[in-house]
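These are my notebook entries on a structure that I had not examined before. I record below what I looked up, entry by entry.

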Amino acid sequence: MKELQTFIEYLTNEKRFSVNTVRAYRDDIGSFYSFIGEHAGYPVIEASAEDVRAWLISFASKKLSPRTYKRKLSSLKAFYKFLLREGVVSKNPTETVLTPKHRNPLPDFFSEKELDNLFDYVVFSATYEGARDEIILNTFYYTGIRLSELINLKTADIDFSLKQIKVTGKRNKQRYIPVSDSYLKLLDSYLKKRADKVTANSMDCLVLTSKGKPAYPRLIQRIVNKYLSQVTTSNKKHPHKIRHSFATQMLNNGADLNAVKELLGHANLAATEVYTHNTYEKLKSIYKQAHPRA
């Protein structure tokens, strides 16, 4: 699997993809290696389009979603495109394999009332953990940042004088997000309690565990789920849903689409436009309620 290892190093060192993205590529392509090893008597670099189709068909019993099929094939296409460029193969067996079409589901989000209840009525303890949990939830909702971005956020990224935070997103792309006085006041209170938790292992990370170590994804997810469970019956109570809520409510309240794109750190406008459907649905609802002949 030396070709796969070379490709993984390329994604990590040159493309600078995140750990999770690289892992997904490795898993997808690794499954193709396993399939070829079990069903063919030749190496992956000699695989044909028929082998690729047979590999995709092998997932039929698992009832994968079209999105998952698309991701797996996309991973393999990128792999063979890399091998072709490097001269390892003379043809790309994925070139004639069609990507299954699927309709992107609309982003799920919390209502303004649910989030108002979260921040207005849920009680956070006076301990460090309570202050930390409160700043985690507020940071997600005030800024719309991703879980990975929050974990990587440093205290040095907070600029109290300019009232903004510097966020490092995908592929190390940085952006600045303005924040309000009320958020900065809450943050200042948290930082004072955080001071007692700082250790040599803190690495200047904004969010720390109870033992002063950098926070990790599962901890953040548990915290978000814990508090949201008090204000919503939704089955999905994860950080990314708060991000969806941030974007949807910004647009519902008249924010410019390009501005929301920049705040979210999207590479292109198409990724942001998906939220406009929810905005349009709200406009239709308002129209039906307000227009005398609707």
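Helices (H or I, at least four residues) and strands (E, at least two) are taken as DSSP runs, numbered from the N terminus. I am working with a predicted model, in which local features need pLDDT of at least 70, side-chain atom pairs count only at pLDDT 80 or more, and totals for chains, interfaces and linings use all residues. Residues are numbered from 1 along each chain as its sequence is written, and side-chain values use heavy atoms, with hydrogens and water left out.

Entry 1, the whole chain. I find 13 helices and three strands in the protein chain. Its C-alpha atoms fill a box of roughly 65 × 65 × 35 Å along the principal axes. I note that 40% of the 294 residues are buried, where buried means under 20% relative accessible area, exposed over 50%, and partly exposed in between (1.4 Å probe, protein chains only).

I place Leu-11 in helix α1, residues 2–13. Is Leu-11 buried or exposed? Leu-11 is buried, its relative accessible area being 2%. Contact means heavy atoms within 4.5 Å. Neighbours within four places in sequence aside, Leu-11 is in contact with Arg-16, Phe-17, Val-22 and Tyr-25. I also looked up Ala-49, 38 residues away along the chain from Leu-11; the two C-alpha atoms are separated by 24 Å.

Among the buried residues of α4 I list Tyr-69, Lys-72, Leu-73, Phe-79 and Phe-82. What covers the buried residues of α4 includes α1, α2 (19–39) and α3 (49–57). After α4 comes Gly-87, with a positive phi near 80 degrees.

Which residues of α8 are buried? They are Tyr-183, Leu-184, Leu-187, Tyr-190 and Arg-194. Seen down the axis, the buried residues of α8 fall within an arc of 120 degrees, so they line one face of the helix. The arc is that of the directions from the helix axis to the C-beta atoms. On the other side of α8, I find Lys-185 and Lys-192 exposed. The buried residues of α8 pack against α6 (128–143) and β1 (158–159).
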